[in-house]
Amino acid sequence: MTVTFSDLHKESGLMALNDFLSGKSSISGDQLTKDDIKVYAAVLGEPSADLYPNASKWYGAISAKLAPSFPGKAVGVRIGGAAAAESAAPAEVAATDDDDDLDLFGDKTEEEKKAAEQREAAKATTKKKESGKSSVLLDVKPWDDETDMKKLEEAVRSVELPGLFWGASKLVAVGYGIKKLQIMLTIVDDLVSVDTMIEEILTAEPINEYVQSCDIAAFNKI
């Protein structure tokens, strides 16, 4: 199944990537692949560990893997402007004949293992306090199988609150031809109450034209 990421140079794109990587170490499967390299190339810099902890950890892991393959000393470059940002995230990355010759994800050397251990030790000693954010998975159910699920999702995403960031979503069959919307969101705990949002917005007029009920399927502190 193809996974699509867009606007990775914007906060919304990074938030979607961060939500997707929750509980995962790579884009596809259990190991880093060329899919990770494609997405990595589209991200302009290391995501903030405070705002995007999952994406930041993933980005650091790929950087650590790539570093030994490019031993030259970097002087540092910057990419500015919206056009440059969009060109950094092509829809497709052309494969070359040399793809199989460059093994970016081979076995770790002793130096790499030692460096990884040192990084983990440094993280343990400098671990920051809780960011005050939570990742939430909502189950949004329609009235029946005739409900327009596209309009339902548009109505849900139309909710804008300070500290609320919508993420990835998918439709899940529940039976009798009815599908529910599963959608990820990240909230700043001090600014957003999910229970209040469900009761006073998502299941109230005018959104309740499409939404019959809304439940919290998962709630995790970041």
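Visitor: Why is aspartate 215 called partly exposed?

Guide: This is a predicted model, and in it aspartate 215 has a relative accessible area of 36%. Buried means under 20% and exposed over 50%, so a value of 36% leaves aspartate 215 in the class between them, partly exposed. The residue belongs to strand S4, and, neighbours within four places in sequence aside, aspartate 215 is in contact with Leu137, Leu138, Asp139 and Lys141. Its C-alpha is 9.8 Å from that of glutamine 182, although 33 residues separate aspartate 215 and glutamine 182 in sequence.

Visitor: What makes alanine 55 buried?

Guide: The relative accessible area of alanine 55 is 0%, and since the class requires a value under 20%, alanine 55 counts as buried. Alanine 55 sits in helix H3, which covers residues 53–66, and beyond four places in sequence it touches Leu17, Asn18, Leu21 and Pro47.

Visitor: Why is tyrosine 176 called exposed, and what is said of its phi?

Guide: Tyrosine 176 has a relative accessible area of 84%, and because exposed means over 50%, the label follows. This tyrosine lies in the loop between S2 and S3, and its phi is positive, about 60°, although tyrosine 176 is not a glycine. Most residues other than glycine have a negative phi. Aspartate 7, in the segment before H1, also has a positive phi, of about 55°, but with 34% relative accessibility aspartate 7 counts as partly exposed.

Visitor: Which peptide bond is cis?

Guide: The bond from glutamate 205 to proline 206 is cis, with omega near 0°, and proline 206 is found in the loop between H7 and S4. Most peptide bonds are trans.

Visitor: What makes up the largest nonpolar core?

Guide: The largest nonpolar core has 23 residues, and Leu138, Val140, Val156, Trp166 and Leu202 are those with the most contacts inside it. At least two residues of this core come from each of S1, helix H6 (149–157), S2, S3, helix H7 (194–202) and S4. Apart from this core lies another, of 18 residues, among them Met15, Leu21, Ala42 and Tyr59. Valine 156 touches Val140, Trp166, Leu181, Ile183, Leu202 and Val211, residues up to four places away in sequence not being counted. In soluble globular proteins, nonpolar side chains tend to be buried together.

Visitor: What is the lining of the second largest pocket like, by class?

Guide: By class, the lining has 11 nonpolar, 11 polar and 5 charged residues. The pocket holds about 710 Å³ of space, and of its 27 lining residues, Ala16, Phe20, Ala168, Ser169 and Met184 lie nearest its centre. Helix H1 (11–20) and the strands S1 (133–142), S2 (164–175), S3 (178–188) and S4 (211–221) each supply at least two residues of that lining.

Visitor: Over which residues does pLDDT stay under 50?

Guide: That holds over residues 81–104, for which the model has 15 contacts beyond four places in sequence. Where pLDDT is low, the predicted coordinates should not be read in detail. For the protein chain, the mean pLDDT is 81, and 76% of its residues reach 70 or more.

Note on methods: Residues numbered from 1 in each chain as written. Predicted model: local features only at pLDDT ≥ 70, side-chain atom pairs only at ≥ 80, totals over all residues. Heavy atoms only, no water. 1 Å grid on protein atoms, 1.4 Å probe; cavity = no way out; pocket = protein on both sides within 12 Å on 5 of 7 lines; lining within 4 Å. Points joined across faces, edges and corners; volume = space filled by probe spheres on them. Helix = DSSP H or I, 4+ residues; strand = E, 2+ residues; numbered from the N terminus. Nonpolar A, V, L, I, M, F, W, Y, C, P; charged D, E, K, R; others polar. Core = buried A, V, L, I, M, F, W, Y, C linked by side-chain atoms within 4.5 Å. Buried < 20%, exposed > 50% of the residue type's maximum accessible area, 1.4 Å probe, protein only. Contact = heavy atoms within 4.5 Å. pLDDT = per-residue confidence, 0-100.
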